[in-house]
Amino acid sequence: MIKFSLRLLGVSLLGIGAIGVNSAAMAEPPVQISSESGTTTYFPPSNTTTGAIPASEAAKDAAAAAATTPEAPPAAGLPASTPTSPATAAVTPPTETPAPAAPSVSAPPPSDAAPAAVTPAATTPAATPAPAAVEPAAAPADSAVQPKTEPTPAVAAPVAPPVNPIVEAARARLGDKALSGREYIGVDVAAARDFYNSRTEPLWVDDSGFTHKAKAVISTLRTADDWGLEPSDFVVANVASGANAEALGAADVQLTLAALKYARFARGGRLDPVALSNILDMKPPVKDAKTVIGELSSVAEPGAYLRGLNPKHVGFERLRQALLKARGPKQEEEPVDPALVVKLPQGKQLKPGAEDDQIALLRQRLKMPAANPADERVYDDELVDAVRGIQRDNGLKANGILSDRVRTALNKAGEPKRVDPKQNLDRLIANMERWRWLPVDLGHLYVMNNIPEFTSEIWKGNQLELKQKMIVGQTSWPTPVLAANMQFVIFKPSWGMPDGIKSKELLPRLRSASGGGTGIGFFDQLFGGGGGSGGARVLEAYKLQVYYNGRPVDPDSVNWSTADIRQYSFTQPPGADNPLGLVKFRFPNRHDVYMHDTPERGLFAQTNRALSHGCLRVEEPRRTAEVLLAEDKGYSPEKVGQLWDSGASVTLSKEVPVYLVYFTARVDDDGRLLNYADIYGHDGRIMSALRGRPVRYTAPEAFDPAETSARSGVPTASNDAGGATVGADAGSDSMMDAPPPSKKNQNQKKSASAKQQKPQGKSTGGTIQDALSNIFLN
């Protein structure tokens, strides 16, 4: 009995010790560190309380082994568990939950806040513990019952598709530095290189040669002359049957680069206008090469896409049709008016009033029958006037006498004319090229000022709102070709004289009038009197006020022979006599040119209106203001009339594009080709450049270097790298825009010129005739 009691006490103590060890093991979550991977595996703690004492020795031993041994041998009769690495064997995936055992009566149900404790890889013997003695979470998971964990399959890296050998050959070809140069430009080659590096298949060829899309592109390139371009600029390789990958790759690249070149040329990239001249201040709307190649590769009709890059403006298309007509079938002879076939035989001179059979022939030739049939042989006044016109047109003395020279001129005019299909080709191509410099979208409302035509137009969509005569710059003060946005309409503007005009035109007159030149000052000659004090008289004639540092100056107190005239400001206040008239339209640009009114209305009657110093004078300034402000502000003509008298300055809410263009040829609505004089010689320069012989043309400076450097040491003007004038203002209107002197001064001039003798030498400002020409040019 005593032995049995001692044995029972020992077993109890042993069970208590096992429980303590087991509790300590469960209280500290085991952590394993892998020396190979550097990762840490965390074993979460159990959320259960300590279980009851096992009912058997086997259960006690198993519990102790489970608490202290990471990996235990399997119990008898059970299969061994699969060994796992230390970093993964201790953690059961969260998605796998062991089958729950019957809950203990004395313990609360397990919490959902933390996962249950998981044993390592070993399993426990199949012993039956006492009821309510084992918590469900404390029970080891049976490997035979627990769901088997499936490993997550590794995601395979995408396998790049193989690169076609033709593309590899194309990439190698684009790596050749010889591609960049005269034939191809760097941006096109770079865009093609990036494109082929991102492709695995060629763009234009397959194993049999050029594809259908490639042939459409080649057809467009070979008919480039239909669009004013040169087909020889777009070289396409010949692909032989059975060509190898290297030849096919080179052909694919060559066609891509030729297409990119066509796209660039179609948008005006054949020339750099600014590189040709400082007054061709345009930037063609060339499309980005990467965009072009991307669109070419995706469109269904790449040939049509390329042709669509040419200008879609009506003016361009009309010139293109004229070009196609000029290149059409040759006509040996033009149709001849039957009247032109009438020949006048050589003979005696016939004076007005004469009667002769040739007069009847002359009437047939000129299609001027007599009002009275009985007078068919009479050389009457109406017929005499017609002959005088013929004489003037042919450089003959207009005396109205029918001579052999008149007969020869009339007979020659009736000779059949052979048609030269190339007669207007260069002019048409040069004008088409200038159309390419304009934006693709001209704007909803825009102003188009054509310099050679001397006309200004305001367009609203396809509707012509206003067309008027215009005065442009002289050949020595040319109006630039540019695009800018009109921002201001300024009523009753004042005029400030630019530095270039001060030095070139005003300073010589001030010096001469002040006695600084040789002989008598020409302004003294013009306005009467003599002596050396005429500075004030010069400025008064032009209604100019002079300021120095913002303060009025007495011009007679200044020694203009040594003064730096650029330090002085010369301003003419607003008024009817102001060179700018009563309104000006400003579209800021680096040439400082603008549109404005003028007091010299009679100049618009002249045929050649290249008369200004670069700015543009419009015939109908008030109507111009009405059209612009009606569109921008909704102003009525009456409202514009109020502004006209107020001297207000209006800032446009929406800027209006203004294009100063240079079209020497255009086709009117009736299909007639109209030609205008190439007053600045731009056509020849452009055609020379298109043929590979560009010549830089720098427009005359608005600043006379010899005048200032020789007399006052003022630095001369020069051109910067971009062709802009430094220290000069070539664009603003000048003294030639100034009004003529008052009638009082004109009378003084007449009496002075009648009294004075012809001067023996030239004054600083030139002769009296030169002075009069300059003053009264407007």
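Predicted model: local features only at pLDDT ≥ 70, side-chain atom pairs only at ≥ 80, totals over all residues.
Close-up 1. K584 lies over the face of Y594, at 4.7 Å from the ring centre. In another such arrangement, the charged end of R685 is placed over the ring of Y697, 3.6 Å from the centre of that ring.

**Close-up 2. Aromatic pairs, including F195 with Y196.** The model holds 10 aromatic pairs. The ring centres of F195 and Y196 are 5.5 Å apart and their planes stand at 90°, so this pair is edge-to-face. F195 is buried, with a relative accessible area of 11%, and Y196 is likewise buried, with a relative accessible area of 1%.

**Close-up 3. The ring pair of F491 and W644.** With centres 6.1 Å apart and planes at 65°, the rings of F491 and W644 form an edge-to-face pair. The pair links distant parts of the chain, since F491 belongs to strand β9 (residues 481-491) and W644 to helix α20 (residues 637-646), 153 residues apart. F491 counts as buried at 1% relative accessibility, and W644 counts as buried at 10%.

**Close-up 4. An aromatic cluster.** Y548, W560, Y568 and F570 are linked into a cluster by ring pairs.

**Close-up 5. The largest nonpolar core and the surroundings of W204.** This core has 132 residues, of which W204, M486, F491, W560, F570 and F587 touch the most other members. Helix α7 (residues 245-266) supplies its largest share, 12 residues. Leaving aside neighbours within four places in sequence, the contacts of W204 include Y196, F210, V217, L255, L296 and P302. A second, separate core of 15 residues includes I359, L366, L383 and L402.

Key. Residues numbered from 1 in each chain as written. Heavy atoms only, no water. Core = buried A, V, L, I, M, F, W, Y, C linked by side-chain atoms within 4.5 Å. Buried < 20%, exposed > 50% of the residue type's maximum accessible area, 1.4 Å probe, protein only. Helix = DSSP H or I, 4+ residues; strand = E, 2+ residues; numbered from the N terminus. Contact = heavy atoms within 4.5 Å. Phe/Tyr/Trp six-rings, centres within 6.5 Å; stacked < 30°, edge-to-face > 60°. Lys NZ or Arg CZ within 6 Å of the ring centre and 35° of its normal.
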